[in-house]
Amino acid sequence: MKDIKHLPVHVAIVPDGNGRWAERRGLPRLMGHRAGVRKMRAICEYLDDYGVKCVTLYGFSSENWGRPKEEIAGLFQILKERIEKDVPKLHERGVKVRHIGRLHQLPDWLQQSVTSAMELTKDNTGMVLNLAFNYGGKVEIVDAVRRIVADRVPPEKIDEKLFSSYLYTAGLPDVDLLIRTGDELRLSNFLIWQTAYSEYYFTDVLWPDFGKKDIDKALIVYSQRERRFGAL
C-alpha cells in the first residue's frame, strides 16, 4: 500500500476482459470468468485496507442476457460459488454486502445466495460492497421513476436528492472513481446517475491480471486530479 492523501469514498469497477484473458491462453471463456470472479474478493479487501468506504462491482449487466445460454449458466454458477466462499471472509472484515439490480429475474438458487449474503452482513458497519448482478443504469432510472409514480410524489417535490433516494444505491454516496479494465473506453450503462461527476480511470490490463499495483496506480491518478464539480 502507498501513502495516498486523497482517497475516493466510493469506487466503482467494470471488470472487463475475462473472456479475452481466457482466449489468449487457449482456455474456455468460463475459465476467464472464474479467474475474474476470484479476483473480486482480493481487490475488495485491498480497497478495504486503504479505507475506501464503498465499492460497487459490475458482475452481470442487464444486456449480458444476450450471451450464449451456456456461458450465462456457467457464470451464474461461478458467482454462486464465490459468494458462498468469499462472503464469510468479507463478513469477518465487517463488510456489508448489498445487491443492486433486478434480483428477482435471476435464478432462484442465485437469488438465495445473494439474499443470504446480505442477511449475514446486514448489521456490519465496515465497507459497503454493492454486487451489481442483472444491473443496468437505464433500467435503474426506469425503476426509480416507477416507484416515484407508485408513491404518488407531487411533481414539485421531485428534485435530485429525492430522485437519488429511489435509486438502487439509495443512502450511499455517488461514485468518486470509476475504474474500467480491459482497454475499453465506455461506461456500458453502469451507474449513469451516480457517475455524473466521477473521475474515470481506464486501463488496458485485463481484469484477471488486475492487481494491487494497478489499484495503486488508479488511486494515485485519482489523488492528483482536481475535482471542481463544474465550478471554475
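1. Helix 3, which runs over residues 69-92, is made of 24 residues and reaches 35 Å from its first C-alpha to its last, a span close to the 34 Å expected at 1.5 Å a residue. Please keep in mind throughout that this is a predicted model.

2. That helix also has a bend, of about 35°, which is placed at D86, and within four residues after this point there follows a proline, P88. Just after helix 3 comes G94, a residue whose phi is positive, at about 85°.

3. Most residues other than glycine have a negative phi, and with that in mind two further residues can be looked at. R152, in the loop between helix 5 (137-150) and helix 6 (160-164), is not a glycine and yet has a positive phi, near 55°. Is R152 buried or exposed? Its relative accessibility is 74%, and because exposed means over 50%, R152 counts as exposed.

4. D183 is the other such residue, with a positive phi near 65° although it is not a glycine, and its place is in the loop between strand 5 (177-180) and strand 6 (199-202). With a relative accessible area of 52%, D183 is exposed as well.

5. How many cavities of 30 Å³ or more are there? The count comes to one, and the volume of this largest cavity is about 150 Å³. Two or more lining residues come from each of helix 2 (29-50), helix 3 and strand 4 (128-135), and helix 3 gives the most, with six residues. By class, the lining of the largest cavity has eleven nonpolar and three charged residues, but no polar ones.

6. The largest pocket holds about 490 Å³ of space, and of the 24 residues that line it, P15, D16, G17, N64 and R67 are the closest to its centre. The elements that give two or more residues to this lining are helix 1 (18-23), helix 2, strand 2 (54-61) and helix 3. By class, the lining of the largest pocket has eight nonpolar, eight polar and eight charged residues.

7. The second largest pocket has a volume of about 210 Å³, and among its 13 lining residues the closest to the centre are E160, D174, W193, A196 and Y197. Its lining is made up, by class, of five nonpolar, three polar and five charged residues.

Key: Residues are numbered from 1 along each chain as its sequence is written. This is a predicted model: local features need pLDDT of at least 70, side-chain atom pairs count only at pLDDT 80 or more; totals for chains, interfaces and linings use all residues. Side-chain values use heavy atoms; hydrogens and water are left out. The expected span of a helix is 1.5 Å times one less than its number of residues. The bend at a residue is the angle between axes fitted to the seven residues ending there and the seven starting there. Buried means under 20% relative accessible area, exposed over 50%, partly exposed in between (1.4 Å probe, protein chains only). On a 1 Å grid over the protein atoms alone, a cavity is a set of points where a 1.4 Å probe fits but cannot get out, and a pocket is an open set with protein on both sides within 12 Å along at least five of seven lines; lining residues have an atom within 4 Å of a point. Grid points are joined across faces, edges and corners, and a volume is the space filled by probe spheres set on the points. Ala, Val, Leu, Ile, Met, Phe, Trp, Tyr, Cys and Pro count as nonpolar, Asp, Glu, Lys and Arg as charged, and the others, Gly among them, as polar.
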